[in-house]
Amino acid sequence: MAAMGQYRNIVILTGAGISAESGIDTFRSAGGWWENHRVEDVATPEAFARDPRLVQRFYDMRRAAIQEKLPNPAHEALARLDAAWTSKLLIVTQNVDDLHERAGARRLIHMHGEHLKAWCTLCDIRHPWRGPLLDNLPCPVCGGHALRPDVVWFGEMPYRMGEIYAALGKADLFVSIGTSGAVYPAAGFVQNAVELGARTLELNLERSQGSRLFHESRLGPASVIVPQWVDELLA
């Protein structure tokens, strides 16, 4: 992998594997279960319409849990890269925790939303939110009782896709960290990057489903291989 002078614009995609080492569970098991719940029961608009209390309780527990976790060396290394990189850089995360921000990253898009925000579907405003939503609390702006987790569920469109594709279109280097390569549209970013002429690098605990599309794969714990890569890039 070349050093700083050979790249200008970088897009980095991060997935569950980067936060797993901070103690945050990966999204779901191979059987489609997520913390003893079927994905269809807690991560779709239909599930929320059918049993809002179950869904709110599920996300209340996760919202509380992530606030007890800490960024690990992989988050810290990317924040260091963000601060040092003088050209364009964008971190696109599939994760809904705030560990990138707490590590210090600033050029960041949460394409799947954020646990620490609540979305009022009446006035379409997103509020910082650290407590529970189970008690059907009113929106701080409009007073309506239509708050839900600001998390992109299956069947919903990820956030800020136009900005993400614009950044991919200008990238010299695309890096995927801790992703399974199974969830679209993020799984297709590497193909977009290759077609547009970017160099591609995978940093993962094991090869992803799209591993063959990357020019290079480095395998190991994110807390080890991400700082090593950042040190190399900034050398």
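Is S87 buried or exposed? S87 is buried, with a relative accessible area of 15%; buried means under 20% relative accessible area, exposed over 50%, and partly exposed in between, with a 1.4 Å probe and protein chains only. The tour returns to S87 at its last stop.

**Before selecting anything**

This is a predicted model, in which local features need pLDDT of at least 70 and side-chain atom pairs count only at pLDDT 80 or more, while totals for chains, interfaces and linings use all residues. Residues are numbered from 1 along each chain as its sequence is written, and side-chain values use heavy atoms, with hydrogens and water left out.

**The whole protein**

The protein has nine helices and eleven strands; helices (H or I, at least four residues) and strands (E, at least two) are DSSP runs, numbered from the N terminus. Its radius of gyration is 18 Å, close to the 18 Å that the globule rule gives for 235 residues, so the protein is as compact as a globular protein of that length. That radius is taken over C-alpha atoms, and the rule is 2.2 Å times the number of residues to the power 0.38. The C-alpha trace spans about 55 × 40 × 35 Å along its principal axes.

Of the 235 residues, 49% are buried. Among contacts with a separation of 6 or more, 64% are between residues 24 or more positions apart; a contact means heavy atoms within 4.5 Å.

**Helix α5**

Select residues 73–84, the twelve residues of helix α5. At 1.5 Å a residue, the helix should span 16 Å, and its end C-alpha atoms are 16 Å apart, which agrees. The expected span is 1.5 Å times one less than the number of residues.

Colour A74, H75, A77, L78, A79, L81 and D82, which are buried in α5. The elements that cover the buried residues of α5 include the strands β1 (10–14), β4 (89–93) and β9 (173–177). The helices α1 (16–20), α6 (99–103) and α9 (222–234) are also among them.

**The loop between β7 and β8**

Next, select G144, in the loop between β7 (125–128) and β8 (147–151). G144 is buried, with a relative accessible area of 12%. Not counting residues up to four places away in sequence, G144 touches L122, L137, P138 and C139. T121 is 23 residues from G144 in sequence, and the two are 9.0 Å apart in space, C-alpha to C-alpha.

N136 lies in the loop between β7 and β8 as well. At 45% relative accessibility, N136 counts as partly exposed.

**Backbone geometry**

Most residues other than glycine have a negative phi, and most peptide bonds are trans.

- N136 has a phi near 60°, a positive value in a residue other than glycine.
- R160 has a phi near 55°, again positive in a residue other than glycine. R160 sits in the loop between β8 and α7 (161–170) and counts as partly exposed at 41% relative accessibility.
- Y184 and P185 are joined by a cis peptide bond, with omega about 10°. P185 is in the loop between β9 and α8 (189–195).

**Last stop: S87**

Finally, select S87, in the loop between α5 and β4. Which residues does S87 touch, not counting residues up to four places away in sequence? They are R8, N9 and R107.
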